[in-house]
Amino acid sequence: MNSPYALRVRDLAHRPGEMREHSLDIEVPDAMGAGVIAVQVGAQMHIDLRLEGLHEGVLVSGHASAEAEGECSRCLIEISEPVEVDFAELFAYDASEEFDFFVQDDLVDTEQVVRDAVVLALPFQPVCRPDCPGLDPVTGERLADIGEPRAHEVIDPRWAALSGLAVADETDADSSRAASADATSTTTSQTTEGQERSEADQAD
């Protein structure tokens with residue numbers, strides 16, 4: 001069995017009461033976790049193990065520690081956090097539906113036991129800090145960097161077309177007011193000129 005998690009238990013097999021302790025330092029060969037955070041390939045994992053011989057098999061208990069890496073589920077920056085887990089599982093001598101793990105060729109492979117414990121301990125929605133404010137919903141900027149969210153004008157898409165009409169109406173109104181002013185100015189000018197001619201005729 002070519003696994004860094006495997007341990008030989010020949011000296012414990014069928015010897016109830018015998019106990020051994022081991023420490024393993026492993027470079028994780030396969031990532032543990034499939035969400036936004038996981039113990040990545042190549043991460044260093046330390047495992048302290050206690051093996052105890054029983055009548056039914058070998059009881060494996062221990063503690064594993066590693067560093068998980070991923071991204072904050074709110075603001076998406078890269079984060080890392082320690083993972084500490086305890087586990088215990090019986091590896092039976094004889095295959096039976098009562099047990100999930102077995103001693104094979106005088107070896108116990110603890111990989112699946114450790115993996116299950118680590119994956120269950122990983123946070124479902126990891127955050128860079130408990131009060132992470134997340135991202136600005138409009139610009140996508142990280143709110144922790146810019147402070148309070150900026151005010152943005154939000155237009156209901158159902159009224160977006162009418163906003164264009166309003167601008168057009170204002171432009172037409174401005175044009176009408178300008179034309180009216182020009183007409184008034186022309187009328188006033190013509191009236192003034194007529195009055196001046198009338199006064200000149202009366203003087204003659």
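This is a predicted model: local features need pLDDT of at least 70, side-chain atom pairs count only at pLDDT 80 or more; totals for chains, interfaces and linings use all residues.
I number residues from 1 along each chain as its sequence is written, and side-chain values use heavy atoms, with hydrogens and water left out.

I then searched the whole structure for salt bridges, each a side-chain nitrogen of Lys or Arg within 4 Å of a carboxyl oxygen of Asp or Glu, and the search gave eight. Arg20 forms one of them with Asp11, where the closest N and O atoms are 2.8 Å apart, and Asp11 is itself partly exposed at 29% relative accessibility. Arg20 also meets Glu18 in a salt bridge at 3.3 Å, N to O, and Glu18 is partly exposed too, with a relative accessible area of 31%. Through shared partners, these salt bridges join Asp11, Glu18 and Arg20 into one network.

I also noted the salt bridge between the side chains of Arg142 and Asp145, at 3.1 Å from N to O; Asp145 is exposed, with a relative accessible area of 57%.

**Chain overview**

I counted three helices and eight strands in the protein chain, taking both as DSSP runs numbered from the N terminus, with helices as H or I of at least four residues and strands as E of at least two. Read along the sequence, the pattern is β-β-β-β-β-β-β-β-α-α-α. Of the 204 residues in the protein chain, 28% are buried. The chain exposes about 13,500 Å², of which carbon and sulfur atoms supply 48%; the accessible areas come from the Shrake-Rupley method with a 1.4 Å probe, and for residues only the protein chains shown count as cover.

For contacts, meaning heavy atoms within 4.5 Å, I considered pairs at least 6 apart in sequence, and 56% of these join residues at least 24 apart.

**Ser61**

I placed Ser61 in strand S5, residues 57-71, and it counts as buried at 17% relative accessibility. Leaving out residues up to four places away in sequence, Ser61 touches Asp48, Leu49, Arg50, Glu52, Phe87 and Ala88.

**Aromatic pair**

I searched for rings of Phe, Tyr and Trp (its six-membered ring) with centres within 6.5 Å, counting planes under 30 degrees apart as stacked, over 60 as edge-to-face and the rest as tilted; the whole structure gave one aromatic pair. Phe91 and Phe101 form this pair, which is tilted, at 5.4 Å centre to centre with 40 degrees between the planes. The pair links Phe91 in strand S6 (residues 78-92) with Phe101 in strand S7 (residues 101-102), ten residues apart. Phe91 is buried, with a relative accessible area of 2%, and Phe101 also counts as buried, at 15%.

**Cysteines**

Which cysteine sulfur is closest to that of Cys75? It belongs to Cys72, at 3.7 Å, which is too far for a bond, and Cys75 is buried with a relative accessible area of 5%. The sulfur of Cys132 has its closest cysteine sulfur in Cys128, also at 3.7 Å and too far for a bond, and Cys132 is buried at 5%. I take a disulfide as a pair of cysteine sulfur atoms within 2.5 Å, and the structure holds zero of them.

Note on methods
Buried means under 20% relative accessible area, exposed over 50%, partly exposed in between (1.4 Å probe, protein chains only).
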